[in-house]
Amino acid sequence: MAGPAKKGGKTSAGERRKAGFAKGRTRSRTKRPARFRSSTPSEIELKEAREQQAATAEILKVIASSPSDVQPVFEAIVKSAAKLFEPCAATVTTLKDEQLHWGATAASISGFNVERVRSVYPILFDKNRAPSARAILERRIIEIPDVADPNTPEFTRNAAAAGNFRSITFVPLVSQEEGIGTIIFTHPEAGFKYSERQLAFIQTFADQAVIAIQNARLFTETQEALERQKATSGVLQVIGESMADSAPVFERILDSCEKLLQFTSAGIILIDGNAQLLRTARGPGTRILQSLFPQPLDTMIEKAFRSRQPLYTANMAESAAASDIMRQAAKKVGGYSLLQVPMLWQGRGVGFISVSRLPNVAFSDKEVTLLNTFANQAVIAIQNARLFDEVQKRTRDLEESLQQQTATSEVLQAISSSQGDLGPVFDKMLENATRVCGARFGTMILAEGDAYRHTAFYNAPAAYAEARMGKVFELHPLSSPTIAMRGKKVVHLEDVRDGPAYRAGIRSAVELTELAGARTIVVVPMLRDDEAIGVLTVYRQEVRPFSQKQIELLTNFARQAVIAIENARLLRELRQRTDDLSKSLEDLRTAQDRLIQTEKLASLGQLTAGIAHEIKNPLNFVNNFSALSAELIDEMSEVFENPALDEAGRRKELDQIRELLKGNLEKVVQHGKRADSIVKNMLLHSREGSGELRAADINGLVEESLNLAYHGARAEKWGFNIALERQFDATAGEAELFPQEITRALLNLISNGFYAATRRKAEHGGAGAEPTVLATTKNLGSSVEIRIRDNGAGIPPEIREKMFNPFFTTKPTGEGTGLGLSMTHDIIVKQHGGRIDVETRLGEFTEFIITLPRGTGNSGGQKS
């Protein structure tokens, strides 16, 4: 509206305006235009309001229809202003890069030259020279009622004279407290000023211009952002499509730079060691850029790498930091500005993007950010390509290694399954060596005394194989096999025809090329204990050298061939040795059986001696009571023949003799049964084998073993004496076992206890505790425990570990075979499924603990 802004309306522009020009303003105004003088004030205001409203609506319509372009809006504003405030001229200017630029001009003054106004711009943004600059900086309206005023800047006076105006008004365009341009109104009359209502409406024009500028800026920024996003997305797409090659990514980056940036040249430079290499370039200055590379690293790019920030140089021709070659090149073209954006990987510079422009033309933050993004994407492409190459190389290496390992494994399998037959091993070896190394055929030669023989062929031409197979021959000194074996190193001939043997016309070399068509060969010596025993050779029928890895594989095959030959020799020796050992083992088993039998006989002899001593007592009783009985019979005869005795006296004597005789006979029977029992036990233990498995009373078995061992020891050694102690569990009951074998085991343990206890006393000169052996039984429910304890010197740990080994003994030579404890262990553990443990303490005791299962159907409890 033409009048002052109403309270509560859109007042921000008016308030800014009032704040700006409130100071030092006169209130005087010029007369209204002639077309309004005949109307009443209310009609004039109403008409102005309608015209201003129409102008505002028209401008808003243009703003809405042109969001991306300010030019139609500027033109609409100046046309409306020139029409509304005639006679006048209106011009819109914008501030950019420290210069005021023309936007649009319209005039309602006859003969006004718009092009002359346009030609003045751009003008330097200087508040002392241009009142527009002061209005922008101070963000207030500047009015000059008469340009003839001496305080008017000279530039403005000159412009007024050229444009034929006397008064001028500068209205700032303000956006977010920052001046961005002006609307300039000129009037032909001196002393002309706009009313406050008119200035308020002019401020509306300024606000609309700001809106148009901001709309265009936002639209442009949005479009630029979308273009940048599209460009980076496009680069990412190329990265995804070109994992193996970074070149397409570089090309796409420069394509995007051409669309989004203004430059004279742009390039991507990579670092290779201490050199800079240009990979690709764009722009009019490409030829100059290409002429600068390759070149050594310079301090400028090293500085960019260290700072990890883009490096901008305003004019390379004047830069002291630039290298001589870069500075001279810049001088030839009048100088240029340069932005170098480093490409960094893990803190290390791998290259940079170089973009040049005219001298002193800077790069915006958005442009730098975009180039940084491109630099990062270029690094990703480089690393992708590097990783792809590494993966491909690693894959090839793994495939080759797998082939080699498979080939080696197959050869080793052939060696392990050959059973001394080398033919299949050599065939598999030559097959794999030829296939994996990409050769045509292969051969193997082995030494036989001073001569040699072709031992194996693979895929060799038939004519060559027939001429060589199975024949014994001598090698020429110039032949490759001779050179390889003599030098103990691989011979690699890229072309047989260039070898010394072929050039000398040696028959074997000529046949090799003529009959077999060989050209490139590798001869690997087979070394055993640093002595050559043959060669392995593979051949190609074209000139194509073998790789180092292939030669290493062939060397490995040659070693495996030597291993196979050595294995075959060792296998023959092993078989012979096995035959010898088998015979020795048979002899050893025979001797062992004899020793075991001897041990059994010795045990039986000890048992026999004990039984003989045990049987002596009942026989003495039988003899004594038999003699007494004979005397009683003689007394009986005397009683019958004695006439002095009457019948009663004779009967009395006879009854006494009869009772004595009966008692003697009972004693004879009793001791005869005892002798019979001892004889039966002796016969039982003298039988071969283990006897029958039957239930046996544990306490009785231990008691009998104690007695047999004791009497045997007394019979073996005169004066032998030892205390026997018993702690039998009355509920020990029976167990299913082989009584003869358990008795034999118990006799061994008890006899060892006798030996240990009496030896300790003897070693102490008869002093100390009396030799004692304690036998204990205990009911464990499903099993029974027997303990044999002596008070000997104990068993050291090193002996304890070996005490159950066959033939191990600590007794002096001749006193033990070393089989007693071994047999005892086998009887308890292997034969009866029990356990035997040892508890001992040096200088105090040794106790053997036997645990025997009761067997099916038996349980603890006293025998009924």
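**Group meeting: a walk through the predicted model**

You'll find Asp97 in the loop between β1 and β2, with β2 covering 99-107. Its phi is near 55°, which is a positive value, and Asp97 isn't a glycine.

The mean pLDDT of the protein chain is 82, with 86% of the residues at 70 or more. Over residues 1-37, though, the pLDDT is below 50, and that stretch has 59 contacts in the model beyond near neighbours in sequence.

Okay, the overall picture. The protein chain has 864 residues, and 43% of them count as buried. We've got 23 helices and 25 strands in there. If you take contacts between residues at least 6 apart in sequence, 63% of those join residues at least 24 apart.

Arg308 sits in the loop between α10, residues 299-307, and β10, residues 311-313. Buried or exposed? Arg308 counts as exposed, since its relative accessibility is 52% and the cut-off for exposed is over 50%.

Then the peptide bonds. Glu86 and Pro87 are joined by a cis bond, with omega about -5°. Pro87 is in the loop between α3 and β1, where β1 is 89-96. Tyr121 to Pro122 is cis too, with omega near 0°. That proline, Pro122, falls in the loop between α4 (114-120) and β3 (123-124). For context, most peptide bonds are trans.

While we're around α3, have a look at Ser80, which lies in that helix, residues 71-84. Ser80 is buried, because its relative accessible area is 12% and anything under 20% counts. What does Ser80 touch, leaving out residues up to four places away in sequence? Ala55, Ile59 and Phe205.

Next, two helix pairs. First up are α7, residues 196-241, and α8, residues 247-260: their axes come within 9 Å and cross at roughly 170°. An angle over 145 degrees counts as roughly antiparallel, so that's how α7 runs relative to α8. On the α7 side the contact includes Glu227, Arg228 and Ala231, and among the α8 residues they meet are Pro248, Val249 and Arg252. By class, the contact of α7 with α8 has eight nonpolar, two polar and three charged residues.

The other pair is α20, residues 698-716, with α21, residues 739-763; these pack at an angle of about 50°, axes 9 Å apart. That angle makes α20 oblique to α21. The crossing of α20 past α21 is right-handed. How many charged residues are in the contact of α20 with α21? There are no charged residues, against 13 nonpolar and three polar. Among the α20 residues involved are Leu701, Val702 and Tyr710, while α21 brings in residues including Ile742, Leu746 and Phe754.

That's my tour, so over to you for questions.

Terms used. Residues numbered from 1 in each chain as written. Predicted model: local features only at pLDDT ≥ 70, side-chain atom pairs only at ≥ 80, totals over all residues. Heavy atoms only, no water. Helix = DSSP H or I, 4+ residues; strand = E, 2+ residues; numbered from the N terminus. Buried < 20%, exposed > 50% of the residue type's maximum accessible area, 1.4 Å probe, protein only. Contact = heavy atoms within 4.5 Å. Axes fitted to C-alpha atoms, helices over the stretch in contact; angles between N-to-C directions. Parallel < 35°, antiparallel > 145°, perpendicular 65-115°, else oblique. Left-handed = near helix turned anticlockwise from the far one by under 90°. Nonpolar A, V, L, I, M, F, W, Y, C, P; charged D, E, K, R; others polar. pLDDT = per-residue confidence, 0-100.
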